[in-house]
Amino acid sequence: MDEKQIEAKREKEKRTVSFMIEIYCKGNHKPPKGTFCDECEELKAYAIARAERCPHMATKTFCSKCKTHCYKPEMRDKIRKVMRYSGPRMVIYSPLMFIRHAFESLKK
């Protein structure tokens with residue numbers, strides 16, 4: 001995988017995790033439209049920073065499948081909670097993103 005492909009994968013991961021945090025935040029914290037609560041904004045910034053520095057981007061499928069677990073334990077627990085909540089709801093909010101995410105997971 002060349003550097004351009006790795007960067008595209010990194011951007012896709014950041015968009016996906018941001019969207020999943022948005023779904024979680026809307027469903028659980030009810031922030032004003034187009035915003036995140038402080039807790040979810042912090043988690044989003046943390047997850048994006050992790051994706052920007054991930055040394056395994058060329059070989060992994062998604063952070064949830066990574067064996068390194070570079071998230072701090074308390075943040076890992078929060079992101080898992082977000083993924084469990086948002087994953088099934090992606091079908092409603094963005095069917096195409098859900099199908100693409102599921103297909104890539106199965107492919108790997």
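The questions and answers below go through this model by topic.

Modeller: This is a predicted model, in which local features need pLDDT of at least 70 and side-chain atom pairs count only at pLDDT 80 or more, while totals for chains, interfaces and linings use all residues. Residues are numbered from 1 along each chain as its sequence is written, and side-chain values use heavy atoms, with hydrogens and water left out.

Biologist: How many disulfides does the structure hold?

Modeller: A disulfide is a pair of cysteine sulfur atoms within 2.5 Å. The sulfur of Cys25 has that of Cys40 as its nearest cysteine sulfur, 3.6 Å away. For Cys40 the closest cysteine sulfur is in Cys37, at 3.6 Å, which is too far for a bond. The number of disulfides is 0.

Biologist: Is Cys25 buried or exposed?

Modeller: Buried means under 20% relative accessible area, exposed over 50%, and partly exposed in between (1.4 Å probe, protein chains only). The relative accessibility of Cys25 is 1%. Cys25 is therefore buried.

Biologist: Where is the kink in H3?

Modeller: Helices are DSSP runs of H or I with at least four residues, numbered from the N terminus. A bend at a residue is the angle between axes fitted to the seven residues ending there and the seven starting there. In H3 that angle is about 40°, shortly before Pro88, at Gly87.

Biologist: Which residues of H3 are buried?

Modeller: H3 covers residues 73–93. The buried residues of H3 are Met75, Ile79, Val82, Ser86, Gly87 and Met90.

Biologist: What is the N to O distance in the salt bridge of Lys14 and Glu11?

Modeller: A salt bridge is a side-chain nitrogen of Lys or Arg within 4 Å of a carboxyl oxygen of Asp or Glu. Lys14 and Glu11 are 3 residues apart in helix H1, so about one helical turn separates them. Lys14 is buried at 10% relative accessibility, whereas Glu11 is partly exposed at 29%. Their N to O distance is 2.8 Å.

Definitions and conventions:
Helices (H or I, at least four residues) and strands (E, at least two) are DSSP runs, numbered from the N terminus.
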